[in-house]
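Here is a friendly briefing to keep beside the structure while you look around.

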Amino acid sequence: QVQLVESGGGLVQPGGSLRLSCVASLSIFSAATMGWYRQAPGKQRELVARISSGGIPDYSTSVKGRYTISRDNANNTVYLQMNSLKPEDTAVYYCNKVFGILDWGQGTQVTVSS
């Protein structure tokens with residue numbers, strides 16, 4: 001059974017930074033386009049960043065210029081560096097494949113508040 005384990009969330013002030021990590025027990029990790037998703041209270045889950053198997057990133061307009069996605073195929077890990085955080089970035093963050101969604105992990109809570 002594939003597992004996705006996210007970590008790195010926390011409470012941060014507006015303008016602050018966090019780095020999220022996700023380890024995937026996925027045998028074909030290196031071939032998968034991976035994404036970071038988030039779900040705020042009362043809202044649908046949304047894809048905010050993705051990275052192709054070749055390392056090409058793409059971002060939603062709401063985070064472009066502030067977030068950076070990267071991956072370490074040797075360790076089946078995908079990262080999300082989040083800078084200039086805003087209160088509206090508050091959500092539970094999840095990683096998953098972009099094509100062929102797997103069972104969701106527990107996510108990691110990010111709270112941006114003063």
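Asp-89 has a relative accessibility of 0%, and because buried means under 20%, this residue counts as buried. Keep in mind that the model is a predicted one.

**Charged pairs around Asp-89**

- Salt bridges that share partners join Arg-38, Glu-46, Arg-66 and Asp-89 into one network.

**Another salt bridge**

- The whole structure holds four salt bridges, and one of them joins Arg-50 to Asp-58, with the closest N and O atoms 4.0 Å apart.
- Arg-50 is partly exposed, at a relative accessible area of 30%.
- Asp-58 is also partly exposed, at 39% relative accessibility.

**A buried arginine with no salt bridge**

- Arg-71 is found in strand E7.
- This arginine is buried yet has no salt bridge; the nearest side chain of opposite charge belongs to Asp-72, 8.4 Å away.
- What does the side chain of Arg-71 reach at 2.7 Å? There you will find the backbone oxygen of Phe-29.
- A polar atom of the Arg-71 side chain also lies 2.9 Å from the backbone oxygen of Ser-52.

**The sheet around strand E8**

- Four strands form an open sheet in the order E1-E3-E8-E7, with antiparallel pairing.
- Strand E1 (4-7) and E7 stand at the edges with a single partner strand each, so one side of each has no neighbour in the sheet.
- From one strand to the next, the twist averages 15 degrees.
- Strands of a sheet pair through backbone hydrogen bonds, and the pairing can be parallel or antiparallel.
- Strand E3 (residues 18-24) pairs with E8 in the antiparallel sense over six bridges, and within E8 the bridge partner of Leu-20 is Leu-80.
- Strand E7 (residues 67-72) also pairs with E8 in the antiparallel sense over six bridges, with Tyr-79 in E8 as the bridge partner of Ser-70.
- E7 and E8 form a hairpin with four residues between them, and Asn-76 in the turn has a positive phi of about 50 degrees.
- Why is strand E8 (residues 77-82) largely enclosed by the rest of the structure? Five of its six residues are buried.

**The disulfide**

- The structure holds one disulfide, formed by Cys-22 and Cys-95, whose sulfur atoms are 1.7 Å apart.
- Cys-22 lies in strand E3 and Cys-95 in strand E9 (residues 91-97), so the pair ties together parts that are 73 residues apart in sequence.
- Cys-22 and Cys-95 are both buried.

Definitions and conventions:
Residues are numbered from 1 along each chain as its sequence is written. This is a predicted model: local features need pLDDT of at least 70, side-chain atom pairs count only at pLDDT 80 or more; totals for chains, interfaces and linings use all residues. Side-chain values use heavy atoms; hydrogens and water are left out. Buried means under 20% relative accessible area, exposed over 50%, partly exposed in between (1.4 Å probe, protein chains only). Helices (H or I, at least four residues) and strands (E, at least two) are DSSP runs, numbered from the N terminus. Two strands pair if DSSP finds at least two bridges between them. Axes are lines fitted to C-alpha atoms, for helices over the stretch in contact, and angles run from 0 to 180 degrees between N-to-C directions. A disulfide is a pair of cysteine sulfur atoms within 2.5 Å. Lys and Arg count as positive and Asp and Glu as negative; His and the chain ends are not counted. A polar contact is a pair of N or O atoms within 3.5 Å; within protein, one must be able to donate a hydrogen and the other to accept it, and residues adjacent in sequence count only if both atoms are side-chain atoms.
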